[in-house]
Structure formats: structure tokens, C-alpha cells
Amino acid sequence: MLEQLLHRDRLIVAIGTAAVVALAWAYLAAGAGMDTEMMADMPDMAPMPWTPDYAVLLFVMWWVMMVAMMAPSAAPTVLLYASVKRKQETSRAAIDAWIFLAGYLATWAGFSVFAVLTQWALERFGLLSMAMASTSAILGGLIVVAAGIYQFTPLKHACLRYCDSPLLFLSRHWQPGTRGAFRMGLRHGSYCVGCCWSLMVLLFVGGVMNPVWIIAIALYVAGEKLLPFGRRLSHAAGGALILSGAIMLARAM
């Protein structure tokens, strides 16, 4: 029975990925180490003072958030990789699939560093509240408009092309061996960061720890990558964001 179970690589990877995502969402639901009650009660209070421990806590918060939001949409690519690997190297399919996923999540760790630095800069200039949301309607409107414009750029669609087609990605970027698995994960993660970074920056508008925004963006990202009309959805979202941002700017002026 154990041997049969070990041969079910896709099942092992699927269950493991689901467990990682569930733990990430549970961590966010518990507050990600933040005092969410105080943030909700005093949203206009000045942000916490920056210390090395606080910076590390923010990095963990951002990275876990990225795992919760992005790992589900990467699952089809990871599972297809496990299937192909199973046909090539029976004994290492599940292991290398996990290494692929580790490379993917490492890329989002890099984005999390960028997010923390951005948050530090915004707080330093007094542009973020205790709730980690923009205190400037103009800044918020500009972020929303910029995110909408990015939806129409060639870079966005070049990255989305590989994110929404696991077969295309694996056929173009296959690398053998364990190191190859990690490098492929990094490359796939880089396409996903290129595709979705502007959507993640929207969290600075609605609140970094706002569960409604987190869930909404996560569902949209999954739809954009997994639905057959993802590119049309991307254009529709871009138009809606530009319009919403323009309204925010008009009200602020």
C-alpha cells in the first residue's frame, strides 16, 4: 500500500499544496501576528515604529499572504510538472514537484521584500494608516489607474501567456534534474510576479490586511489564470480599474 501511495505523485502534491494554502489562510485569518483589533478600532493612528523584528514580521505576513493568494493558481502547473516527471523519473516525481513549488514561492518571497520596502517608504512619508491603507486619495487613485493601465501592457500579457498555459510553460522552459526543478519554479514565479504585481499593490489602497480585498484579488487572479477567457477578463478588469481610479482622483481634486 505504501508503494502504491508513493506512486500517486499528483495526489501527494495536490494534498500537500492544499495543506500549505490552508495553513497560510489560517495564519492570515488569525491576524498574521498583527493586532488587527487595534488596527480596526484606530485606523487613523500612526503606524507602528519600525524595528528589525517588525520588518521580519511584515515580511512573513506578506509572504504568507502571497502563498495563500498565488499557490492555488500555480497548482495546475505543479501537477502537470509532477505528471511529466513521473514518466521520466519514477522515484523523484513528487520530490522534484515540491522543489518546483519551492522555487515558485521563493520568487514571491522576493516580491515580499519589495512590498515591505514599499510599505516602509509609504509610512515614512505618512501615506499609510495604522490599517496599512493609503491616507491619500490621490495616491490611491493613481495606484488604481496605474494597475488598470498595466493590464493592457505587452509585459502583462507576455507573462499571463505562460501563467495560464502550464503546457506552454513546461514545453518552453523544461530543465532536467533537481536544480532544474528549482530554476523552473523560479522562472514560473517570475512570470506570475510580472503578471500580478500591480494587483498586489492594490492592497495598499484597500488595506494590506483587509480580508475582503485579499479574497477578492485572490479570486480574480485565479479566474484570470484558470478561466478560458482570462485575457478578456484582464482587459475588463483593466478598464474597470482605470475608471475607478479616475473617479477617485476626480473626487480628491
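Trainee: Let's start with Thr 77: does Thr 77 count as buried or exposed?
Mentor: Bear in mind that this is a predicted model. Thr 77 has 1% relative accessibility, and the cut-off for buried is under 20%. Since 1% falls under that cut-off, Thr 77 counts as buried.

Trainee: Which helix does Thr 77 lie in?
Mentor: Look along the stretch of residues 52-88, which is helix H4. Thr 77 lies in that helix, H4.

Trainee: What kinds of elements make up the chain, and how many of each?
Mentor: Walk from the N terminus and you read α-α-α-α-α-α-α-α-α-α-α-α. The count for the secondary structure is twelve helices and zero strands.

Trainee: Which element has the lowest mean pLDDT?
Mentor: The mean pLDDT of the protein chain is 87, with 89% of its residues at 70 or more. Over residues 1-6, though, pLDDT stays under 50, and the model has two contacts beyond four places in sequence for them. Helix H6 (residues 137-150) has the highest mean, 96, while the lowest, 46, belongs to helix H1 (residues 2-7).

Trainee: Why is H4 described as roughly antiparallel to H5, and at what angle do they cross?
Mentor: Two packed helices are described by the angle between their axes and the distance between the axes. The axes of H4 and H5 (residues 93-124) come within 7 Å. Angles over 145 degrees count as roughly antiparallel. H4 is roughly antiparallel to H5 because their axes cross at roughly 150 degrees.

Trainee: How do the residues of the contact of H4 with H5 divide by class?
Mentor: H4 passes H5 in a right-handed crossing. By class, the residues of that contact come to four charged, four polar and 26 nonpolar.

Trainee: How are H8 and H9 oriented to each other?
Mentor: Helix H8 (residues 166-173) and H9 have axes 11 Å apart and pack at about 130 degrees. In this contact, Phe 169, Leu 170 and His 173 of H8 meet Met 184, Arg 187, His 188 and Tyr 191 of H9. The crossing is right-handed. The angle of about 130 degrees makes H8, relative to H9, oblique.

Trainee: What is the relative accessibility of Cys 196?
Mentor: Find Cys 196 in helix H9 (residues 177-201). Leaving aside neighbours within four places, Cys 196 is in contact with Met 70, Trp 108, Val 221 and Lys 225. Cys 196 counts as buried because its relative accessibility is 0%.

Trainee: How far apart in space are Cys 196 and Glu 224, C-alpha to C-alpha?
Mentor: H9 and helix H11 (residues 211-226) pack at about 145 degrees. Cys 196 is among the H9 residues that meet H11, and Glu 224 is among those on the H11 side. In sequence the two are 28 residues apart, yet in space their C-alpha atoms are separated by 9.9 Å.

Definitions and conventions: Residues are numbered from 1 along each chain as its sequence is written. This is a predicted model: local features need pLDDT of at least 70, side-chain atom pairs count only at pLDDT 80 or more; totals for chains, interfaces and linings use all residues. Side-chain values use heavy atoms; hydrogens and water are left out. pLDDT is the predictor's confidence in each residue, from 0 to 100. Helices (H or I, at least four residues) and strands (E, at least two) are DSSP runs, numbered from the N terminus. Contact means heavy atoms within 4.5 Å. Axes are lines fitted to C-alpha atoms, for helices over the stretch in contact, and angles run from 0 to 180 degrees between N-to-C directions. Angles under 35 degrees count as roughly parallel, over 145 as roughly antiparallel, 65 to 115 as roughly perpendicular and the rest as oblique. A crossing is left-handed if the near helix is turned anticlockwise from the far one by less than a right angle, and right-handed if clockwise. Ala, Val, Leu, Ile, Met, Phe, Trp, Tyr, Cys and Pro count as nonpolar, Asp, Glu, Lys and Arg as charged, and the others, Gly among them, as polar. Buried means under 20% relative accessible area, exposed over 50%, partly exposed in between (1.4 Å probe, protein chains only).
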